[in-house]
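Here is a short briefing on one chain. Look over the sequence and the coordinates, then read on.

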Amino acid sequence: MAGTRRACVEYLVGVFLLSAATCAAAEPTDADLAAFRTHYQAWKSALSADKPLEAVASAEKSRDEILRLYGDKHAFTARVLVELGALQSQLGRYRDAEATLKQCLSIAAASAIDAGEIHEELGAYYELVREFPKSASHFAEAKRWYEKRTTDKELALARVQSRLALTLMGRDRLDEAKQSAEQAVAALVALRGEADLETVRGRIRRAIVQIAAGDFVEVERDMTAVLDLLAIKYPENRTLQADAMMELGNSRQRLGGPAQAEEMFIRCRDLLRAALGPEHPHVAFAINNLGSVAKELGKLNDA
């Protein structure tokens, strides 16, 4: 689920930008910090415009700068690397993501920093590659860290609960997955409102679980509403639109509408190709779904 893989760790950026200049351990120059900020802000601007492929170069330059400034054992390095790991995971570069996030974890252990986001992103990574016991373990660690917080605690816990639902589904614990997904969406709506992007991501994750549970009518209704919302408020967010189209197509196919499902899968494929590149694993998912509906429609040459 490509659009749901961004790390929600941007609160750390303000901490870095405010305090890095006074960090006694490395004492970077103002010029050094200016170079880092330039690359970092370009990275974040590309992500805000839903252009993750364009973000890679700036993200890697940010990593190189932070390693030059602080080395590979500093808390600020971990805070930049966890965001890079999330981007690598979003782009389907799973081996790179695992290596980056494990490096973050080593730094966190050595410097005794809050490792909640690192464990959360590792949990999401292992869910993607279907190593569900590892995923569940990292999500449990993320929750343990988040429980200690005094700020943003409820949002972080709701986000993890939403992501955990997919891991529970992967472990064939469907009733628990449904409960986790529903509770997470309710919490996100209460905290951020229906139109917030984090809530939208939670609704898409819930739809994935509902498809597995056979709740196709509910998915049809909710993903139609999500797409309407995205078109009005977030028209530039192609990956989330593609995610919603994927689940809407899945529901329509199962409700006996292969032609309508085909339309959704075509649009999903094209959006993912544009946003994430033609080699991304989720493009292959959309193509496989197109092959399935082509067979139903008798388009043997397209299947």
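At what angle do α6 and helix α8 pack, and how far apart are their axes? In this predicted model, the angle is about 25 degrees and the axes lie 10 Å apart.

**Helix pair α6 and α8**
- Angles under 35 degrees count as roughly parallel, so α6 and α8 are roughly parallel to each other.
- The crossing of α6 past α8 is left-handed.
- On the α6 side, the residues that meet α8 are Glu-117, Glu-120, Glu-121, Ala-124 and Glu-127.
- Their partners in α8 are Arg-159, Val-160, Arg-163, Leu-166 and Thr-167.

**Helix α5**
- α5 covers residues 94-111, and its 18 residues should span 26 Å at 1.5 Å a residue.
- The end C-alpha atoms of α5 are 26 Å apart, which agrees.
- Buried positions in α5 include Tyr-94, Glu-98, Leu-101, Cys-104 and Ile-107.
- The buried residues of α5 pack against α4 (75-90), α6 (116-128) and α14 (281-296).

**Ser-180**
- Ser-180 sits in helix α9, which runs over residues 174-192.
- Ser-180 counts as buried because its relative accessibility is 6%, and the cut-off is under 20%.
- Beyond its neighbours within four places in sequence, Ser-180 contacts Gln-161, Leu-164, Ala-165 and Leu-168.

**Confidence**
- Average pLDDT for the chain is 88, and 90% of the residues score at least 70.
- Over residues 4-26, pLDDT stays under 50.
- For residues 4-26, the model has 59 contacts beyond four places in sequence.
- Where pLDDT is low, predicted coordinates should not be read in detail.

Definitions and conventions:
Residues are numbered from 1 along each chain as its sequence is written. This is a predicted model: local features need pLDDT of at least 70, side-chain atom pairs count only at pLDDT 80 or more; totals for chains, interfaces and linings use all residues. Side-chain values use heavy atoms; hydrogens and water are left out. pLDDT is the predictor's confidence in each residue, from 0 to 100. Contact means heavy atoms within 4.5 Å. Helices (H or I, at least four residues) and strands (E, at least two) are DSSP runs, numbered from the N terminus. The expected span of a helix is 1.5 Å times one less than its number of residues. Buried means under 20% relative accessible area, exposed over 50%, partly exposed in between (1.4 Å probe, protein chains only). Axes are lines fitted to C-alpha atoms, for helices over the stretch in contact, and angles run from 0 to 180 degrees between N-to-C directions. Angles under 35 degrees count as roughly parallel, over 145 as roughly antiparallel, 65 to 115 as roughly perpendicular and the rest as oblique. A crossing is left-handed if the near helix is turned anticlockwise from the far one by less than a right angle, and right-handed if clockwise.
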